[in-house]
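Hi,

Here is the structure I said I would pass on.

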Amino acid sequence: MIAIDWPAFVTVVVASLVAACGIVVVFSLALRLGDGRAPWRRPVSYALYFVCGLIVVLGIYLIVPAFH
Amino acid sequence: MDLTLLVVLVIGLALLFDFTNGFHDTANAMATPIATGALKPRVAVGIAAILNLVGAFLSTEVARTISGGLIREGDGDGGVQITPVLILAGLIGAIVWNLLTWLLGLPSSSSHALFGGLIGAAIIGAGFGAIDGGVLVSKILIPAVLAPVTAMAISFLATKIAYALVRKGQRNGFKRGQIFTSSLVSLAHGTNDAQKTMGVITLTLIAAGFLDVDAHPPFWVIAACAVAIAAGTYAGGWRIIKTLGKDLTSDIEPAQGFAAEASTTATILSSSYLGFALSTTQVASGSVIGTGLGRKGAKVKWSTAGKIAIGWLITIPAAGTLAALAALLARVEPWGVWVDVVVALLVIGGIYLWSRRNRVSSRNFHTPQPGQFVRPKKKAKKAKKAKPANVKTKSKSKAKKQQKQHRAPKPKKATKSAKKNKKKKG
C-alpha cells in the first residue's frame with residue numbers, strides 16, 4: 001500500500017523552515033550588530049551569539065538518542 | 001560453505017561498506033565549509049571523522065530489520081529469510097555502486113545503495129514477491145523528490161535573509177557559523193549511518209546463531225563500525241566534495257554556505273526527530289542548489305544537477321542488478337561465494353586504479369586563507385610606521401597576489417592603500 005504521511009511531511013517542512021530561517025536571522029543579526037558605534041550593539045550581539053550556542057546545544061540534544 | 005567463514009566474509013564486507021559510506025558522505029557536511037574556506041580541507045575531514053566516530057558510539061538503537069521494511073523479512077506470512085549469502089551479495093552490489101558513483105563524483109545515497117543491493121539479492125533469493133512495492137514508493141521514491149525540493153526552498157529563503165541582513169563587509173563572519181552547522185551534520189551522520197552497518201552485522205550474527213535473537217550489538221561490532229566510518233570520512237570523497245562544493249553552484253560565499261548548512265541541519269534533524277525520513281545526501285544537494293538560486297550572480301549548473309538526479313534514480317536498480325548478479329553467482333556451490341568475493345575485490349581494485357588517472361585530493365581545494373583580507377588597510381598602515389621601506393613592495397606584491405588568487409572585491413582596497421602609501425612617500 002502506498003501511504004505517504006503527509007501531515008508528518010508538512011510538520012517537517014514547517015519545523016525545518018522555522019529552524020533554518022530562525023538561526024540564520026539570529027546569527028546574521030549577531031554579525032550585523034557586532035560592530036558599530038552605539039554602546040548597546042555589542043552586548044546585544046553577544047546575547048544573540050549565545051542564543052546561537054543554545055540552538056547548537058538543542059541540535060546536539062536532538063541528535064543524541066540517549067537524551068530522549 | 002563453512003558458516004563461520006561466511007560470517008567473517010560478511011562482516012569484512014559490511015565494514016568495507018561502512019568505509020565507503022563514510023567517504024561518500026563527507027561531502028554532505030563538509031563540502032560547503034571547504035568551498036568557502038571556513039575550514040581547511042584536511043581539518044574539515046578530520047573534524048568530520050572525529051564526530052562520526054563519536055556519533056557511532058552514541059547510537060543506541062540498532063534497526064530490527066536490515067531493509068527498513070522494504071523486504072518482507074522474517075518467517076511470518078510470506079516473509080523471506082535473508083541469509084548471510086544474500087546479505088553478502090547485497091553488500092557487494094552496494095559497495096561497487098558506491099565506488100562507481102564516487103568515481104563519477106556523484107553524491108548518491110549510501111543507504112539507497114544498501115537497500116538496492118539487498119533488494120536485488122532478495123529478488124534472486126525469493127522472487128519479486130519479496131519486495132514491498134508500496135514501501136519502496138512511499139519510503140524511497142517520493143521522499144527522493146520531496147527532500148531536495150524542500151531543502152532547496154528553505155535554503156533559498158535562508159540565503160535571501162542572510163544577504164538582506166548582513167552588509168558586505170561583515171559576511172566573512174559566517175565562516176565561524178559554518179563550523180558549527182557542518183559539525184552538527186557530521187554528528188547526525190555518525191549516529192544514523194554507522195547504525196546501519198551495525199544492524200547488518202548484528203542480524204548476520206543472529207541469523208548464523210552466534211547471538212541471541214534479541215541481542216544488542218556486542219561492543220566490538222560498535223567499535224569496528226565506528227572506526228570504519230570514521231576512517232572512511234577521513235579519507236574524504238574529494239570527488240564528491242568537489243561536485244557539491246564547487247561544481248553544482250559556482251563560487252559559494254560564506255553567507256551562502258552558512259545558509260545552506262543551516263537548512264541542511266534543520267531539515268535533517270527535524271526529519272529524523274519528527275519521523276519522516278529524508279536522505280541526508282539529497283537534502284544537502286538541494287540546499288546547495290537553493291543557495292545558488294538565492295544569491296544574485298551565483299550560477300547553478302543544471303547539467304550537474306541533472307547528472308546527480310539521474311544518479312539518484314538509478315542507484316537502487318543499479319545496486320540491485322549488481323547484487324542480483326552476485327547472488328546468482330553465489331548459488332553455484334561450492335565456489336560461487338569465493339568467486340563473488342574475488343571478483344568484487346578485483347573490481348574495487350580496478351576502480352581505485354582507474355581513479356588514479358585523474359586524482360582529486362585535498363590539494364584541489366585551494367581556498368583563501370581565513371582572515372587574509374580582514375584588515376588590509378590597518379596592516380599596511382601599521383607596517384608603514386614600523387618599516388616604511390619594506391611596506392611598499394610587500395603590500396604591493398601581496399595585493400597583486402590576492403587579486404590573482406580570487407576576484408574578490410576587497411583586494412582593490414589593498415591596492416588603493418598601497419597606492420596611498422606610495423603617494424604619501426613620494
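Predicted model: local features only at pLDDT ≥ 70, side-chain atom pairs only at ≥ 80, totals over all residues.

Let me start with α9(B), which runs for 21 residues and covers 29 Å from its first C-alpha to its last. Most of α9(B) is covered, with 18 of its 21 residues buried. Just after α9(B) comes B:Gly275, whose phi is positive at about 85 degrees.

α9(B) also turns up where the two chains meet. That contact draws on 32 residues from chain A and 40 residues from chain B. On the chain B side, the elements giving two or more residues are α5 (133–165), α6 (174–207) and α9 (254–274). By type, that side of chain B splits into 23 nonpolar residues, 15 polar and 2 charged.

α2(A), residues 41–63 of chain A, packs against α6(B) with the axes 10 Å apart and at an angle of about 10 degrees. Because the cut-off for roughly parallel is anything under 35 degrees, α2(A) counts as roughly parallel to α6(B). From α2(A), the residues making the contact are A:Val56, A:Gly59 and A:Ile63. α6(B) answers with B:Phe180, B:Leu184, B:Leu187, B:Ala188 and B:Thr191. If you look at the spacing along each helix, remember that an α-helix has 3.6 residues a turn, so residues three or four places apart point the same way. Sorted by type, the contact of α2(A) with α6(B) has 6 nonpolar residues, 2 polar and no charged ones.

Now for the inside. The largest nonpolar core has 137 residues, and B:Leu88 and B:Ile92 are the ones touching the most other members. The helix that gives the most to this core is α1 of chain B (residues 3–36), with 17 residues. What does B:Leu88 contact, once its neighbours within four places in sequence are left aside? The list is B:Leu9, B:Val10, B:Leu13, B:Ala330, B:Val337 and B:Asp340.

Finally, some overall numbers for chain B. How many helices and strands are there in chain B? There are 15 helices and 0 strands. Of the 426 residues in chain B, 54% are buried. Taking the contacts in chain B with a separation of 6 or more, 85% are between residues 24 or more positions apart.

Cheers

Terms used: Residues numbered from 1 in each chain as written. Chains lettered and ligands numbered in written order. Contact = placed C-beta atoms within 7 Å. Helix = DSSP H or I, 4+ residues; strand = E, 2+ residues; numbered from the N terminus. Nonpolar A, V, L, I, M, F, W, Y, C, P; charged D, E, K, R; others polar. Core = buried A, V, L, I, M, F, W, Y, C linked by C-beta atoms within 7 Å. Buried ≥ 20, exposed ≤ 12 C-beta atoms within 10 Å, placed from the backbone. Expected span 1.5 Å × (residues − 1). Axes fitted to C-alpha atoms, helices over the stretch in contact; angles between N-to-C directions. Parallel < 35°, antiparallel > 145°, perpendicular 65-115°, else oblique.
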